[in-house]
Every structure is written in structure tokens, then in C-alpha cells.
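Student: Hey, can we go through this one together? Could you start with whatever I need to know for reading helix packing?

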Amino acid sequence: ALQAVVTLTDAESRVLARSRDADLYIGKPLEALGTAAPPKDVPGRQVMTGPDGVPRFYGNAVIARGPWLLSVGIPTAVAISRLAPLFLRNIIISAVGIVAILLLSLGLSTLIGRGISGVRDAVQRIADGDLSPPVRTPVPNLELAQLQNAFITMAANLRETQEKLDRQFEQERKVRETLQSLQRQVVRQERLAAVGV
């Protein structure tokens with residue numbers, strides 16, 4: 001069975017202690033086993049095949065009092081088999097997160113699209129001559145609410161201006177009718193005066 005191994009080596013790369021098969025390796029230099037380096041030159045993490053021929057992930061730490069090198073090796077097959085569920089879990093969490101963000105984005109864009117569509121419809125009604133103020137509807141954000149309020153105010157102002165112009169046109173029509181009536185009366189009186197003369 002593949003197991004983790006803890007190895008302690010000295011400055012000359014001789015094995016001082018080993019957690020598995022200690023009697024095979026203690027006292028032997030690692031260079032005889034195919035791997036050797038002074039403790040200070042060994043990287044902190046590495047993947048290599050151990051003296052027993054098993055590929056392992058090694059974590060190395062230098063113990064300065066010796067100087068010794070403490071190495072903990074976990075077989076790559078064991079590490080991968082234990083990391084695979086975590087990796088799968090992370091992929092699933094990432095996929096769920098991405099889908100949730102996409103759905104949230106879709107929902108927000110739909111809400112904003114509805115708000116913009118409502119404002120566009122109100123603008124089209126005003127452009128078609130219907131100056132009744134648009135109905136205030138719930139909108140998803142402050143900017144669209146401000147835009148909607150501005151269009152409602154604009155429509156109310158346009159309607160008020162149109163009503164004033166309609167009243168002014170009506171007054172001008174009445175004045176014109178009165179003027180025409182007066183002109184007819186003057187013409188009639190001039191005719192009567194001419195007949196009298």
C-alpha cells in the first residue's frame with residue numbers, strides 16, 4: 001500500500017531516520033539511492049520518485065541545528081485521489097456561481113429593459129401627440145426613476161403649454177369674430193347712412 005514517508009537526512013545527505021522501511025535506508029547516503037543534495041539546496045516543494053521507487057509530492061524543511069533536512073513525501077496517487085473530490089467540488093461551486101451570476105445579470109437586464117421600454121413607449125405617445133402624463137411605474141434603479149420623473153414633468157409641461165395655446169387661439173378666434181361682426185355693422189351703417197343721404 002502507498003503511504004506517506006517522513007525522512008530526516010544530515011548535511012551529507014545520509015538518512016538519519018525514515019518512517020517506512022527504516023532498516024533499508026538508515027545510514028545510507030541518498031546519492032546511492034539516486035537523490036542527494038545539501039539541505040540548503042533542496043527546494044521547499046518538489047515532485048520526485050523516492051528511493052523506494054514511489055513517486056511522491058515532497059515538502060522539505062531545513063532544520064538549522066543539524067543541519068538536517070526533514071522531508072515529508074505523500075504518494076502522488078494518494079494526493080491526486082484525495083484532491084480529486086475537492087477539485088470536482090470547486091468546479092461545481094464555480095459553475096453554480098457562474099450560472100447564478102448569469103441568471104442575476106439576465107434578471108437585472110430584463111428589469112432595466114422593461115424600465116427603458118416603458119420610458120420609450122411614453123416618449124412615443126408624446127411624439128404621436130398624446131400629451132397625457134405617463135403613468136408612473138416601478139423601475140429597478142434610481143437613474144430610470146429620475147428619467148421617468150423627467151418625462152412625466154415634460155409631458156405635464158407640454159400639456160399645460162398646449163392648453164394655454166388652445167385658450168389663446170380660442171381668444172384670438174373670438175376677437176376675430178367680434179372684429180368681423182363690427183366690420184359688418186360698420187358697413188351696414190355706412191350703407192344706411194348713404195341711403196339716408
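Tutor: Helices (H or I, at least four residues) and strands (E, at least two) are DSSP runs, numbered from the N terminus. This is a predicted model, where local features need pLDDT of at least 70, side-chain atom pairs count only at pLDDT 80 or more, and totals for chains, interfaces and linings use all residues. Residues are numbered from 1 along each chain as its sequence is written, and side-chain values use heavy atoms, with hydrogens and water left out.

Student: Which residues make the contact?

Tutor: On H3, they include Ile-112, Ile-116 and Val-119. On H4, Leu-144, Phe-151 and Leu-158 are among them. Contact here means heavy atoms within 4.5 Å.

Student: And how many are nonpolar, polar or charged?

Tutor: The contact of H3 with H4 has 11 nonpolar and 2 polar residues, and no charged ones. Ala, Val, Leu, Ile, Met, Phe, Trp, Tyr, Cys and Pro count as nonpolar, Asp, Glu, Lys and Arg as charged, and the others, Gly among them, as polar.

Student: Got it. Is Asn-60 buried or exposed?

Tutor: Asn-60 is buried, because its relative accessible area is 13%. Buried means under 20% relative accessible area, exposed over 50%, and partly exposed in between (1.4 Å probe, protein chains only). Asn-60 sits in strand S4, residues 55-63.

Student: What does the side chain of Asn-60 make a polar contact with?

Tutor: The side chain of Ser-71, at 2.7 Å. A polar contact is a pair of N or O atoms within 3.5 Å; within protein, one must be able to donate a hydrogen and the other to accept it, and residues adjacent in sequence count only if both atoms are side-chain atoms.

Student: What about Val-72, how far is its C-alpha from that of Val-6?

Tutor: They're separated by 4.5 Å, though the two residues are 66 apart along the chain. Val-72 is in strand S5 (residues 68-75) and is partly exposed at 35%.

Student: Last one: what's up with phi at Ser-13?

Tutor: Ser-13 has a positive phi of about 65°, although it is not a glycine. Most residues other than glycine have a negative phi. Ser-13 is in the loop between strand S1 (5-9) and strand S2 (15-18), and it is buried at 4%. Asp-21 also has a positive phi, near 50°, and is found in the loop between S2 and helix H1 (22-25).
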